[in-house]
Amino acid sequence: MGPDRTAIFLEVLIAILIPPLGVFLRHGCRVEFCICLLLTLLGYLPGIIYAIYAIIVVDHERFRPEYWQPINA
């Protein structure tokens, strides 16, 4: 089950103010956070754009069950 709309709205709001923090709240300290931090240091606007993309589009839970399933021969 995905996050509710209020949580996503608050994370996007935080991502507009401090982009890496919004991504950190959604994904933790993963590659998305590092990319957002780098983009924010290079330019504030690219950091915001990537943070909103990472919060709304990227969903690790969608692939998790298939990834951890054992291979049955």
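User: How many helices and how many strands are there in the protein?
Analyst: This is a predicted model, in which local features need pLDDT of at least 70 and side-chain atom pairs count only at pLDDT 80 or more, while totals for chains, interfaces and linings use all residues. Residues are numbered from 1 along each chain as its sequence is written, and side-chain values use heavy atoms, with hydrogens and water left out. Helices (H or I, at least four residues) and strands (E, at least two) are DSSP runs, numbered from the N terminus. Read along the sequence, the pattern is α-α-α-α-α, and the count is 5 helices and 0 strands.

User: At what angle do helix H2 and H4 pack?
Analyst: Axes are lines fitted to C-alpha atoms, for helices over the stretch in contact, and angles run from 0 to 180 degrees between N-to-C directions. The axes of H2 (residues 19–27) and H4 lie 8 Å apart, and the angle between them is about 20 degrees.

User: Is H2 roughly parallel or roughly antiparallel to H4?
Analyst: Angles under 35 degrees count as roughly parallel, over 145 as roughly antiparallel, 65 to 115 as roughly perpendicular and the rest as oblique. Because H2 and H4 pack at about 20 degrees, the arrangement of these two helices is roughly parallel.

User: How many nonpolar, polar and charged residues are in the contact of H2 with H4?
Analyst: Contact means heavy atoms within 4.5 Å, and here Pro19, Gly22, Val23, Arg26 and His27 of H2 meet Tyr44, Gly47, Ile48, Ala51, Ala54 and Ile55 of H4. Ala, Val, Leu, Ile, Met, Phe, Trp, Tyr, Cys and Pro count as nonpolar, Asp, Glu, Lys and Arg as charged, and the others, Gly among them, as polar. By these classes the contact has 7 nonpolar, 3 polar and 1 charged residues.

User: Is H3 roughly parallel or roughly antiparallel to H4?
Analyst: The axes of H3 and H4 come within 7 Å and cross at roughly 155 degrees. With that angle, H3 and H4 are roughly antiparallel.

User: Which residues in H4 do Glu32, Ile35, Cys36, Leu39 and Thr40 in H3 meet?
Analyst: By class, the contact of H3 with H4 has 7 nonpolar, 2 polar and 1 charged residues. On the H4 side, the residues taking part are Tyr44, Pro46, Gly47, Tyr50 and Ala51.

User: Is the pair of Phe24 and Phe33 stacked or edge-to-face?
Analyst: Rings of Phe, Tyr and Trp (its six-membered ring) pair if their centres lie within 6.5 Å, and planes under 30 degrees apart count as stacked, over 60 as edge-to-face and the rest as tilted. A search of the whole structure finds 2 aromatic pairs. In the pair of Phe24 and Phe33, the rings are 5.6 Å apart centre to centre with 65 degrees between the planes, an arrangement that is edge-to-face.
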